[in-house]
Every structure is written in structure tokens, then in C-alpha cells.
Amino acid sequence: MASPSSMTTTSSTTSKLVFSGCSTSSSSSSSPRLLPLTTATTSSKCRAFHFHRRFNPLRHVHLRPCKNPTTVFAQTISPPSFIAAAMATEPSAKVIDGKRVAKEIREEVAAGVSKMKEALGVVPGLAVILVGDRKDSATYVRNKKKACEDAGIKSFEACLPKDATEEEVLKHISSFNNDPAVHGILVQLPLPSHINEQNVLNAVCIEKDVDGFHPLNIGRLAMRDREPLFVPCTPKGCIELLHRYGVVIKGKRAVVIGRSNIVGMPAALLLQREDATVSVVHSRTKNPEEFTREADIIISAVGQANMVKGSWIKPGAVIIDVGINPVEDSESPRGYRLVGDVCYDEARQIASAITPVPGGVGPMTIAMLLSNTLTSAKRIHNFN
Ligand SMILES: Nc1nc2c(c(=O)[nH]1)N[C@@H](CN(C=O)c1ccc(C(=O)N[C@@H](CCC(=O)O)C(=O)O)cc1)CN2
């Protein structure tokens, strides 16, 4: 299991590079793992997309009930078991394309923004506060600004030096709280260590808290029959991917790996609100693989490259990999490449569906931010 210090949500591209292989066996991570015949047969039979019939973007997959009476499985035509054994060396999980879904959402938001502008003459506005000179944070803020521009959302920015005081940050928040052109406010995390994150997040007015990190919004997320005004963007993006790919959550066993405030904790709350039975695995969990192996749905958000091995995964599970970890790669022009928390090559042979890194959950974070900003503007202006 990851050490406590590495149990962060996503590691940055500026953080230390690591070598991290997949399998603990002698085979390399890039070579296909040969599954035993029994595993291969099981996984091809119950390659379990748990589809809603109502909406299914994977139209080429035939839907038919599995022998398990409680679940609907999607299957391609079942091959004889000897073919299944041969196929077991090929990756067969469906790739959940977050980049494509995020683009769709951004287009939906752009359409909503122009509708609002036409009807009311109001343009939604998002204010971003960036403190310090972390390269990764600066890139995320730049990408958020560009995404706003593309969707027709006005963006406001306050860039403060790394030695800015907490009072200065609070002053900017207060000014955005009082600005009627601003409908959403976010403070890019992490903040420099001398600034108290809690004080800062508490200062954002909850009606503009598009990151959903205000304790009142998180508290409502945790309570039954209460509705938060906003849900944090990355976990919301994870659930949106499951919905858009027709994965049934209700009644399923889910494991969230990592308990950060930004991803793990709210992801667990969201899954619970969707009627999953949820376990949270963290740095102090003994034998995390035993919990993970029971899960129909895995959301991993620890920031530890290739931590979740193929042997941790139940055949047919759906995997949402939130980790973005740089690993040394001399063949890449940047000298590194990004990998997730889950050993992708191994997982693709066992899971029924998986998000890639990059191009999975990452792009959804910004798409959900735009969506939350439009929702906020609509609520403030009472526009449906
Ligand atoms: N105030 C916030 N701070 C942070 C959040 C957040 O939601 N609110 N999340 C992360 C960083 N983040 C957005 O802020 C973010 C992370 C990753 C991506 C993304 O698109 N990743 C790409 C890969 C990018 C690359 O090549 O480097 C991907 O996974 O495909 C977008 C936004 C921490 N801080």
C-alpha cells in the first residue's frame, strides 16, 4: 500500500519521477498477462458492463441478461472456451473515453451559455485564484481559462505570488463574492503551506462554490435528503462517466482507493448516494487488495503509479482511474509519460471497462467545472 505521504489525489507533472512497473511477476508490464483458462472463461462470460437499457453509448455491444438474475450484462457473442483462452492474452476491456465525453459536455455547456445570453443578456463568469508558481497548477488554470473561452464563459483571474498572505487571498475571494459578474469562484489547490486551506475554502460564498469544497456543500453531500449546491468536479466527472457509459451503480460493491478531500472522500459519498455499497481503502488499510478484489466498481485516486495490479481486480469490474503519475520514459520527448494508479495493461485483460490515463477522468474535471459554472449562473438568475 502507498505510504501516507503518497496518498494524494493526483501527483503533479513537476513532482519527482518514479520508475514503477506493473506486475510483481517476472513479466514486464507491457507484455500481455496470460490468464489461466478458468479466469479467461469467467471473464469472457461475465464481462460485466452493467448497462441501463435506456441509454447506451456502446451501441455495438449486444445486451442480454446474464445467468446472474440481478444483473444485466453486455456481451459480444460468447466464443467457445478455447477461443476465450486465446483471447485472454488480448486486452478486452472497453476504454471509457473521458476526452470524448468531456468534449460533448463542453459543447452542451456552450449551447446552454448562448441560450442564457440570448434570453437574458447574461454571460456566466468564473473567477480563478492561483497562488504561487507551481507549473502544474499554472497549466490547469490556463486550461480552465481556455475552456471557459471556448464555452463562452467569461473568466476572471487573480494570480498571487507564492509569498502572498492569507489575508490577500481572502480579500480577493471577498471581492469576487461581491461581484455580480462572477457566478463561480475557485481557488486552485494545493495552496502554499503557510496559507490555511480551510480558512480560504470557507470564505467562498456557497452559491458560487463551483468546486464544491465548502464544508456546507460537502456536509450536504454526506447527508441523506440534503442537496449540495455543487459537487466537486473530479468525483462528479467519475460518476458522469459511469452514467454516460450506462454502468449500473445501484446495489453494486464499490471500492474507492484514497480518501482525499478533493476526490476520494466525495467520490465515496457520491457512490453511496447512488446506492452502491462502498468501502474506502487508504494508507492504513491492511491488505487493500482483498477489498479491491471484491469490487464491481473501483475508483482509484491515490497518486501512486501502477499500484493496483491485475491480481487486485475482480473479472468484469469497471475501473475509474483518477491518478495522473509521471514515470520516467527516455523514449518520450518530455522524458516522462503519465500513467494512472492502475496497471493499465494488466487491468484491460480483466476489467470490463477502464478509463485511460491520460484522456480519462482528467478532462472531465474541467468539463464539470464549466457545467457547475453554468448551473450557478442559471440559479442566481433564476433561469431554466
Ligand atoms: N481547486 C481545485 N484544485 C485542483 C483540482 C480541482 O478540481 N479544483 N483538481 C486537480 C487539478 N486539476 C484541476 O484543477 C486537473 C487535473 C488534471 C486535468 C487533466 O486534464 N489531465 C490530463 C493530463 C494532463 C497532462 O498531460 O498533464 C488527463 O488526465 O488526460 C485537468 C485538471 C488538483 N487541483
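Which residues does UniProt give for the feature "domain: Tetrahydrofolate dehydrogenase/cyclohydrolase NAD(P)-binding"? The unreviewed entry places this feature at residues 232-379, although such annotations may be inferred rather than shown by experiment. The views show a predicted model, in which local features need pLDDT of at least 70, side-chain atom pairs count only at pLDDT 80 or more, and totals for chains, interfaces and linings use all residues. Residues are numbered from 1 along each chain as its sequence is written.

**View 1. The annotated span, residues 232-379.** Its end C-alpha atoms are 17 Å apart, and the span is 33% helix and 19% strand, where helices (H or I, at least four residues) and strands (E, at least two) are DSSP runs numbered from the N terminus.

**View 2. Helix H8 (residues 233-244) against helix H12 (residues 362-380).** Their axes, which are lines fitted to C-alpha atoms over the stretch in contact, with angles from 0 to 180 degrees between N-to-C directions, come within 8 Å and cross at roughly 100°. H8 is therefore roughly perpendicular to H12, a term covering 65 to 115 degrees. Residues in contact (C-beta atoms, placed from the backbone, within 7 Å) include Cys-233 and Leu-241 in H8, and Met-364 and Asn-372 in H12.

**View 3. Helix H4 (residues 135-151) against H12.** Here the axes come within 10 Å and cross at roughly 50°, and the two helices are therefore oblique to each other, the class left after angles under 35 degrees (roughly parallel), over 145 (roughly antiparallel) and 65 to 115 (roughly perpendicular). Asn-143, Lys-144, Ala-147, Cys-148 and Ala-151 in H4 meet Ile-366, Leu-369 and Leu-370 in H12.

Conventions:
Two residues are in contact if their C-beta atoms, placed from the backbone, lie within 7 Å.
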